Amino acid sequence: MHFGIDLGTTHSLIAVFRDGKPDLIPNALGSFMTPSVVALRDGHLVVGEAAREIALSDPGQAAACFKRSMGTAKAYQLGETRYDSVELSALVLRRLKQDAEAHLGAEVREVVISVPAYFNELQRRAVRDAGQIAGLEVLRLINEPTAAALAYGLHETPDDEDEDSTLALIFDLGGGTFDVSIVEIFEGVIEVKASAGDAFLGGEDFTEALSRIIALESGVSAEDMALRPGLLRLAEQAKRQLSTKAEVQIAAQLGAHEIDLSLTRSRFEEVTARLVQRMALPLDRALSDAGLQPEDIHRLVLVGGASRMPAARAFAAKRLRQLPVIGVNPDHVVALGTAVQAALVARDAALDDVVMTDVSAFTLGVETINLVNGTPRKGFYLPLIERNTVIPASREKHLQAVELGQTKIVIKIYQGEAPRVESNLKLGEMEIVLPHNTEAQEIISLRFTYDISGLLEVDAKVLSSGTETQILIQDLAGKMSDAECETARQRMQSMKISPRQTAENIYISTRLDAAWAMARAMQREQLTEVILEWEGALERQDPEEIRVMRQNLHWLMDRLEDTHVT
Ligand code: AMP
């Protein structure tokens, strides 16, 4: 058996190649998709569904989206301990390994893992390290768009007898990122010709937009932190249903508020039209970087759960003047492709996957101040060099002093993909002295120059005085030595990780709590009884009783969630 893993930003999956085809392996809860989230509960680390529930209700106790900081020194605080993205990814990989082993009754050791095409050497190394820490042997890494092409068998079926290569555009709209890659497939080689994207655009933005509409139409505040988890849950369910239905009804209790409204797909598409429009730029950029026109593309492949939204599909199809290839679930495509590659590796027939290394793997920028309701607010991230930019690159932007008579500006430099700097990695800062000017706000020109050796040069020039200040930042990404990798592996052995059973029980308990919070009075009475029964079973500690009850409760929770959005 040959195994492949899609280590995703929001979800991870494991697949096996057997009997001539790739198959996904379900986790302990019977789902193919394990959330890439780690959380702390009662002093133990939990991974997957339970962690995602905790992330929704108690975000301070959970780490998510850590794939975005692979290969950087960014640390995530969980309780007393700090974890980096390699360790957190190792926990997710270990969970996939253990669940697959339990399901198959066989050891999972050698794997192929997928990585984004734009990952640089350090990030690739970080993924290998995570695999090693999790007790896996990483046979190979494969670019995600390449895996998608393999899952569709594009390497086996030349598109056109007259052409010796196939060009495919992989349109990947995940939870938090949008990536467009153009791959060329010819005799045993898949080459990524171009890759572009928007690190701030994904399915979650559509959920967020929908949650604001639900709040607006229900007369509640979308900013109310107590209501946010409930609003997001409802919006997520409604969004998924609107992919296949023209209208949904939403009925639920959020705190003291009764939510009761109907939403049409056309209203959803109206409020998210601008998000869809943002996909144009990366699409056009990938085509122009590859020197291609839409009609040169033989195949359009959709990847990522959010590519199911009819508006996203229609947009891609219209822009490329063709319908996407269909047949494989967009959430599963990459994982299935990694298992195909694992089988090819075993037969010594692996496709050579040409790696792009001349792009910036991160967005680099500075902290900026924006006006929120007319008041200046700190903490926003202004990118100068976007992720995926071909390097060496040099980019300039102008910044304006906030106040008249301001005599200095402190420029704080960050690396990362989050819209607010607090979630990004701070690389350094520099102080710029401004001439005392009470007539006008001073303007400085800021230039970032980033080269292949990983050196970032930041130059600031005060336009009125011509004064220049410079800072050099080395070592943009942290790299683990072999010894550090070994230490991390030992640390993992000593981490208090919830046993799989306990993690599943925590998941049920958090789901029940969330359901209770959103239920209406009558349902609440019934739910209270269910909760008491569940707690009774936990106290009796009979594993079989607990297992059966867990199954029933999952079924019940699924039905209950369905009643909120119909
Ligand atoms: P991924 O990172 O590929 O797992 O993508 C997850 C994103 O896909 C999330 O934002 C989900 O809300 C979204 N998604 C999953 N299923 C659907 C669906 N049926 N319709 C719309 N969006 C979906």
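**Exercise 1. Find which residues S165 touches, and state whether S165 is buried or exposed.**

Step 1. Leave out residues up to four places away in sequence; S165 then touches E184, I185, F186 and H298. Contact means heavy atoms within 4.5 Å.

Step 2. Look for polar partners. The side chains of S165 and E184 make a polar contact at 2.9 Å. Such a contact is a pair of N or O atoms within 3.5 Å; within protein, one must be able to donate a hydrogen and the other to accept it, and residues adjacent in sequence count only if both atoms are side-chain atoms.

Step 3. Check the cover. The relative accessible area of S165 is 12%, so S165 is buried (buried: under 20%; exposed: over 50%; partly exposed in between; 1.4 Å probe, protein chains only).

Step 4. S165 lies in strand β12, residues 165-173. Strands (E, at least two residues) and helices (H or I, at least four) are DSSP runs, numbered from the N terminus.

The model is predicted: local features need pLDDT of at least 70, side-chain atom pairs count only at pLDDT 80 or more, and totals for chains, interfaces and linings use all residues. Residues are numbered from 1 along each chain as its sequence is written, and side-chain values use heavy atoms, without hydrogens and water.

**Exercise 2. Work out how β22 pairs with β19 and with β23.**

Step 1. Strands pair if DSSP finds at least two bridges between them.

Step 2. Take β19 (residues 364-372). It runs antiparallel to β22 (residues 408-415), with 3 bridges. L364 stands opposite Q415.

Step 3. Take β23 (residues 425-433). β22 and β23 are antiparallel, joined by 8 bridges. K408 faces V433 as its opposite.
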